[in-house]
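Please look through the sequence and the model below before reading on.

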Amino acid sequence: MGLDRLWIDPAKVFVGGVWRDAEGKARLPVEDPSTGASVGEIAGGQAADIDAAVAAARASLSGEWGRATAVERGRVLTRIGQLVLERVDDLAAIEAMDVGKPLKQARADAVALARYMEFYGGAADKVMGDTIPYLDGYTVYTLREPHGVTGHIVPWNYPMQIIGRSVGAALAMGNACVLKPAEEACLTALAFAALADEAGLPKSALNVVPGLGEVAGAALSGHAGINHVSFTGSVAVGGLVQAAAAKNVVPVTLELGGKSPQVVFGDVDLEAALPFLVNAGIQNAGQTCSASSRILVEWGRLDEVTERMAERYGALRVGPASADLDVGPLISGRQKEIVTGFIEDGGDLEQAAAGEIVGNAPEGGHYVAPRLFAGVDPAHKLAQQEIFGPVQVVIPFDDEDEAVAIANGTEFGLVASVWSRDGARQMRMAKRLHAGQVFVNNYGAGGGVELPFGGTGKSGHGREKGFEALYGFSSLKTVAAYHG
Ligand code: NAD
């Protein structure tokens with residue numbers, strides 16, 4: 001399962017519409033996180049490959065791609081979306097093997113990639129400027145123009161979704177892209193480039209250079225030929241990327257981590273809330289930037305909510321991606337070490353429940369049983385730091401003010417939710433919570449490609465998804481014409 005479903009040679013970079021070796025034929029191993037086994041190789045892109053990719057992208061802007069109308073850009077994106085849909089099962093199998101995510105999640109990611117192409121395909125010709133009433137004798141209007149060459153640095157946790165939202169929006173606006181996928185998960189990025197090529201995307205409008213972050217990623221973020229960088233990943237690397245781009249005075253979108261709370265008031269409809277409370281913490285083995293790792297519960301319902309969540313934890317099964325259970329392995333041995341370290345740091349806490357690793361899970365896989373910790377102090381390390389694994393903490397609160405103080409009391413601000421039947425409270429909380437997205441009586445809203453997404457604080461800045469991303473991937477020109 002996996003690599004054999006890929007219809008191209010994975011050990012190549014895709015530059016200027018050509019599949020070729022990385023500089024010096026450098027290669028990196030592909031590991032299957034479900035088994036820990038090495039299953040193949042990808043190209044190890046070098047700075048020279050990034051140079052070539054940026055040059056190819058630049059050239060495409062004065063060629064066929066640069067001349068394409070908004071309607072034509074929209075059509076080709078829509079065609080890519082159709083091809084993605086035709087290959088959903090292949091893409092899901094490839095991703096499940098490469099990232100270790102259960103097949104149904106991998107399939108949902110592939111469908112989301114198609115949906116991004118449909119959305120941005122449909123939106124490409126609907127981005128309009130304004131006319132501005134001004135002094136007598138003037139006609140003033142604005143134009144939305146592409147930045148030029150955009151760099152896209154993507155993490156391993158949701159490669160297809162993140163490529164869809166960032167490359168999709170950038171192409172819709174007429175930018176030419178250089179994509180650097182994460183070294184742990186490059187395969188669907190390469191498959192996507194092949195489908196874009198097959199759909200007729202002009203050569204060089206999309207270039208893909210797999211490679212190590214500190215090599216290919218660093219070369220891309222600091223490249224003088226790049227006009228915008230979209231980065232999704234950790235806070236530490238986001239800071240490096242922003243500093244590198246600043247040297248060239250290049251705008252940056254940063255989508256970083258989170259410690260997202262769900263705030264559960266005493267009047268919650270618990271039956272409706274329960275699946276969201278747990279799934280939002282363990283989906284993708286908790287390796288989700290918008291994972292809900294903190295569950296804040298009003299004292300009066302604390303025991304009941306904790307017990308009901310614990311029941312669900314008791315039923316969680318962890319195993320290989322192909323078994324399509326609730327939770328797959330973590331991406332790597334290193335990630336397992338980090339998450340296990342956090343669980344050990346929670347040794348002083350009351351552990352309310354744990355999931356179970358199935359008996360036939362392969363020995364070398366990076367499995368961690370999900371953990372729920374109860375009655376946690378909001379200042380505890382497990383309640384403050386992003387774990388990026390299947391671990392949730394339950395934190396009690398007294399009243400609305402305390403709930404807001406705890407919810408806003410980390411350095412992050414990505415998403416948050418409020419569970420209550422009280423309409424006025426829902427509105428107050430939505431205003432008071434520091435987050436780029438707030439959900440009322442749900443969590444995630446199904447992930448909608450239409451919904452602008454991004455953070456405040458250390459969760460980053462700039463917005464992707466929805467129409468808002470099209471503004472981020474373009475620059476505004478004001479034209480003031482004097483005609484007397
Ligand atoms: P990471 O920052 O280590 O890697 C992300 C990407 O950056 C990879 O492609 C990597 O190769 C590249 N990179 C690494 N070093 C680099 C450097 N010096 N210069 C340029 N690029 C470099 O993050 P990760 O471990 O892959 O992902 C986990 C983190 O990403 C978590 O903190 C998570 O919250 C965050 N994340 C955020 C979102 C979001 O939308 N907000 C989505 C997914 C993941």
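Gly63 counts as buried because its relative accessibility is 17%, where buried stands for under 20% relative accessible area, exposed for over 50%, and partly exposed for values in between (1.4 Å probe, protein chains only). This glycine, Gly63, belongs to the loop between α1 (47-61) and α2 (64-67); helices here are DSSP runs of H or I with at least four residues, strands are runs of E with at least two, and both are numbered from the N terminus. The model is predicted, so that local features need pLDDT of at least 70 and side-chain atom pairs count only at pLDDT 80 or more, whereas totals for chains, interfaces and linings use all residues. Residues are numbered from 1 along each chain as its sequence is written, and side-chain values use heavy atoms, with hydrogens and water left out.

From Gly63 to Leu372, which are 309 residues apart along the chain, the C-alpha atoms are separated by 55 Å.

The next element to consider is strand β7 (residues 149-153), which is largely enclosed by the rest of the structure because five of its five residues are buried. In a regular strand, side chains alternate between the two faces of the sheet. In β7 both faces are covered, with Val149, Gly151 and Ile153 buried on one side and Thr150 and His152 buried on the other. Strand β7 pairs in the parallel sense with strand β8 (residues 176-180) over five bridges, two strands being called paired if DSSP finds at least two bridges between them. The bridge partner of Ile153 in β8 is Lys180.

Lys180 leads on to the ligand. Of the 30 residues around the ligand, those that come nearest are Lys180, Glu183, Ser234, Leu256 and Glu386, a residue being near if one of its heavy atoms lies within 4 Å. Lys180 is also joined to Glu183 by a salt bridge with an N to O distance of 3.3 Å, the term meaning a side-chain nitrogen of Lys or Arg within 4 Å of a carboxyl oxygen of Asp or Glu. Within this pair, Lys180 is buried, with a relative accessible area of 2%, whereas Glu183 is partly exposed, with a relative accessible area of 22%.

A separate open sheet consists of three strands in the order β5-β6-β22, with antiparallel pairing. Its edge strands are β5 and β22 (474-482), each of which pairs on one side only. Two bridges join β5 to β6, and Thr131 stands opposite Tyr141 in β6. Between β5 (131-132) and β6 (138-146) is the loop that holds Leu135, a residue that counts as partly exposed because its relative accessibility is 47%.

The structure holds 27 salt bridges. In one of them Lys477 is paired with Glu145, the closest N and O atoms being 3.0 Å apart. Because Lys477 lies in strand β22 and Glu145 in strand β6, this pair ties together parts that are 332 residues apart in sequence. Lys477 counts as partly exposed at 38% relative accessibility, and Glu145 counts as partly exposed at 26%.

Another salt bridge is formed by Asp345 and Lys381, with the closest N and O atoms 2.4 Å apart. This pair links distant parts of the chain, with Asp345 in helix α12 (residues 333-345) and Lys381 in helix α13 (residues 381-384), 36 residues apart. Finally, salt bridges that share partners join Asp9, Lys12, Asp21, Lys25, Arg27 and Glu41 into one network.
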